[in-house]
Amino acid sequence: MCQRVLSAILLLSMLVSAPGYSAVILQYHHISEQTPSATSTSPERFKQHLDYLKQKQFHVVPLPELIKRIKNGVLTDDKIVAITFDDGYRSVYEEAFPLLRQYGFAFTVFVNTEPLDRGASEFVTWDELKEMAQAGGTIANHTTTHPHMVRLLEDETVKQWQERMAREITAAQKAIAENLGQSEKLLAYPYGEFDAKVTALVQQLGFTGFGQHSGAVGVGADVLRLPRFPMGANFGELDSFATKVNTRPLAVNEWQLLDDDNRPLQEAVITAGSRPALLLTLAQASLTSHLRCYLQGEQLQLEVDGSKVTVKAGQGLAPGRSRFNCTARAEDGRYYWYSQPWLVTGEDGQWQHES
Ligand SMILES: [Zn+2]
């Protein structure tokens with residue numbers, strides 16, 4: 001009897017941790033044709049996305065539930081999607097919300113509480129958020145003022161920075177709790193920017209952190225830097241959307257960032273002109289031959305040694321945000337995906353990008 005129970009537990013644990021099971025988190029900003037194209041998805045295209053998810057029988061789950069499942073190792077199928085919006089723009093209430101209601105799909109809105117408190121016109125109001133929350137929406141943390149979290153102010157000490165960032169997070173959390181009664185500890189990093197000191201603070205505060213780099217999530221994912229597929233501009237074209245929601249995480253046993261001279265880098269923060277590299281040890285060595293990596297559309301050279309792959313930037317990176325996107329097409333046509341974001345300062349080490 002005892003043996004049988006043990007076998008059942010073993011079988012169950014094998015099932016829930018099967019490598020094929022994963023989920024995809026989608027990231028939208030505006031659902032509008034009037035707003036900047038890089039961060040906008042038209043209402044018509046958004047409806048096409050929802051139609052696709054419905055017709056292909058995806059399970060659109062609330063983000064808190066998905067995170068619980070990832071942390072507990074209980075992903076029981078691989079057609080799981082979570083829908084998220086950053087910033088809480090007006091069109092989320094006016095265009096997306098009615099459609100999400102119609103389809104009965106769960107969603108999360110990450111908001112900055114400072115512009116909401118002052119009633120800034122491009123954003124939803126607390127009353128509208130209340131209506132969305134009452135309809136089952138999750139309202140979560142995108143900090144108070146949308147800072148570049150990795151940056152210290154001039155003359156600021158690390159301790160002062162820590163206190164400022166902790167306030168950014170806890171004050172937003174408090175405002176959401178007071179206005180809406182919700183307290184999910186989910187944080188979307190403004191601009192998708194984070195580094196080791198940011199993730200350490202976020203971990204200390206007990207939050208799960210979301211970036212804006214592409215990829216799927218599976219059991220064992222790093223919950224301080226979860227990828228989401230951005231859906232703005234042509235990233236949300238229907239073919240591309242179908243590929244992305246069917247993506248799996250590329251399982252890696254180890255990863256290491258390297259500088260120009262292939263020495264280990266502690267951070268994905270580099271200066272302009274650097275040519276960093278990423279060393280991946282794939283869990284599935286057979287995928288190395290299918291792996292293709294890109295930086296802003298340019299295919300990157302790969303060095304393969306057994307299950308280890310080194311991906312190196314072909315040219316010096318420009319100031320701002322960059323990403324290595326690596327994909328491997330499996331035999332069933334689905335893609336395994338791994339993305340590495342980089343934050344690039346000017347050559348003098350000063351930050352140059354504003355948004
Ligand atoms: Zn944002």
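How many helices and strands does the protein chain have? In this predicted model, local features are described where pLDDT is at least 70 and side-chain atom pairs count only at pLDDT 80 or more, whereas totals for chains, interfaces and linings use all residues. Residues are numbered from 1 along each chain as its sequence is written. The protein chain has 9 helices and 22 strands, where helices (H or I, at least four residues) and strands (E, at least two) are DSSP runs numbered from the N terminus.

The chain is divided into domain 1, residues 20–249, and domain 2, residues 252–345, with bounds that come from an automatic or database domain assignment. The C-alpha centres of domain 1 and domain 2 lie 25 Å apart. Their contact takes 16 residues from domain 1 and 14 residues from domain 2, two residues being in contact if their C-beta atoms, placed from the backbone, lie within 7 Å. On the side of domain 1 that touches domain 2, 5 residues are nonpolar, 8 polar and 3 charged; here Ala, Val, Leu, Ile, Met, Phe, Trp, Tyr, Cys and Pro count as nonpolar, Asp, Glu, Lys and Arg as charged, and the others, Gly among them, as polar.

Of the 355 residues of the protein chain, 39% count as buried. A residue is buried if 20 or more other C-beta atoms lie within 10 Å of its own, exposed if 12 or fewer, and partly exposed in between, with C-beta atoms placed from the backbone. Among contacts between residues at least 6 apart in sequence, 68% join residues at least 24 apart.

Helix H6, which spans residues 126–134, gives a local example of burial, for Trp126, Leu129 and Met132 are buried. These residues cover an arc of only 115° around the axis, which puts them on the same side of H6, the arc being that of the directions from the helix axis to the C-beta atoms. On the other side of H6, Asp127 and Gln134 are exposed. The cover over the buried residues of H6 includes helix H4 (90–103), strand E6 (108–111), helix H5 (113–117), strand E7 (138–141) and helix H7 (158–180). Just after H6, Gly136 takes a positive phi of about 105°.

Gly306 is exposed, because 9 other C-beta atoms lie within 10 Å. Between Gly306 and Thr288 there are 8.1 Å in space, C-alpha to C-alpha, although the two are 18 residues apart in sequence.
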